[in-house]
Amino acid sequence: MNNVFVYCEIEGTTIADVSLELLTKGRKLANQLGCQLEAVVAGSGLEGVESQVLPYGVDKVHVFDAPGLFPYTSLPHSSVLINLFKEEKPQICLMGATVIGRDLGPRVSSALTSGLTADCTSLEIGPHEDKRAGITYENLLYQIRPAFGGNIVATIINPEHRPQMATVREGVMKKEILDANYKGEVVKHDVAKYVSDADYVVKVIDRHVEKAKHNLKGAPIVVAGGYGVGSKENFNLLFELAKELHAEVGASRAAVDAGFCDHDRQIGQTGLTVRPKLYIACGISGQIQHIAGMQDAGIIISINNDENAPINTIADYVINGSVEEVIPKMIKYYKQNSK
């Protein structure tokens, strides 16, 4: 009762990274609240799936295993969560801000009249004082997300309704195993008690999954460009450098809006969050919206002809100069010294 729940997305029999990241965060939230962390896994052929989630500090795993639960369709998974939550009455439910999470979250929150904050970039526990009503609420979930195009950071709370629901983007939270031998309870539910036959009305006839074109989130080195790169042609220099360094190329929102780079490479509050060992920022001014998506990089190198650019204040090394003159030299010297 009143525990922290994480809905775990699954591809085949593999738990998605975003769900493991949320289990890591969920464990910390549960510790603060003095409650348990519980995971919900719904799919098909899930024998032994608990071994993927228990090491993240999960106290109880709810397993729903039935042929109609994979691939994901809206109605069966909605029924699983809605009926389970009516029984368990969690205080918090977290899920990924993915295609599935964005479909499932609103359905569940609407049915339970609980409210939902989408695309959170941070989650914290804290109090809230309603001065008008003269009430102070303790241990609320602060659901923090960018608003108005990333120009402000909004903190949203849900004082009265439960569960407090939030979806979180992949890569925002850190994925950390708590204890490889963590012991938790595994509950294998009778799916028929939660899902009616009518919920299986939609059948997946054919399913095509296309792999991502790049792996920005998992890249150890990221070469990122901003509006200061100047043109789409100059962005080719970044791709050339990235090829030599076995890196991935990212971009700021300004560069994407200018058409210099594809949207799926955008880094920042309204894009991806990355944690590479090395982040090379080229022509990026360093507005707070962009810094939020890369500030946890191991080493940050800033290449900028503006020595007062905000990003220089968080960079480990600053190279003062234009992308056109610096990047070709980096490519040249790296080629010479990597033979």
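Visitor: What makes strand 8 and strand 9 a pair?

Guide: In this predicted model, strand 8 and strand 9, the latter covering residues 135-147, are joined antiparallel over eight bridges.

Visitor: Which strands of the open sheet stand at the edges, and why?

Guide: The sheet has three strands in the order 8-9-10, with antiparallel pairing. Strand 8 (122-130) and strand 10 (152-156) each have a single partner strand, so one side of each lacks a neighbour in the sheet; these two are therefore the edges. From one strand to the next, the twist averages 40°.

Visitor: Which helix lies across strand 8 and strand 9?

Guide: Helix 1, residues 17-33, lies across both strands and runs at about 35° to strand 8.

Visitor: How do you know that Cys 261 is too far from Cys 282 for a bond?

Guide: A disulfide requires two cysteine sulfur atoms within 2.5 Å. The closest cysteine sulfur to that of Cys 261 belongs to Cys 282 and is 12 Å away, so the two are too far apart for a bond. Cys 282 is likewise in no disulfide, and a search of the whole structure finds zero disulfides.

Visitor: Why is Cys 261 called buried?

Guide: The term applies under 20% relative accessible area. Cys 261 has 8%, and is therefore buried.

Visitor: Why does Cys 282 count as buried?

Guide: The relative accessibility of Cys 282 is 0%, which is under the 20% limit, so Cys 282 also counts as buried.

Definitions and conventions: Residues are numbered from 1 along each chain as its sequence is written. This is a predicted model: local features need pLDDT of at least 70, side-chain atom pairs count only at pLDDT 80 or more; totals for chains, interfaces and linings use all residues. Side-chain values use heavy atoms; hydrogens and water are left out. Buried means under 20% relative accessible area, exposed over 50%, partly exposed in between (1.4 Å probe, protein chains only). Two strands pair if DSSP finds at least two bridges between them. Helices (H or I, at least four residues) and strands (E, at least two) are DSSP runs, numbered from the N terminus. Axes are lines fitted to C-alpha atoms, for helices over the stretch in contact, and angles run from 0 to 180 degrees between N-to-C directions. Contact means heavy atoms within 4.5 Å.
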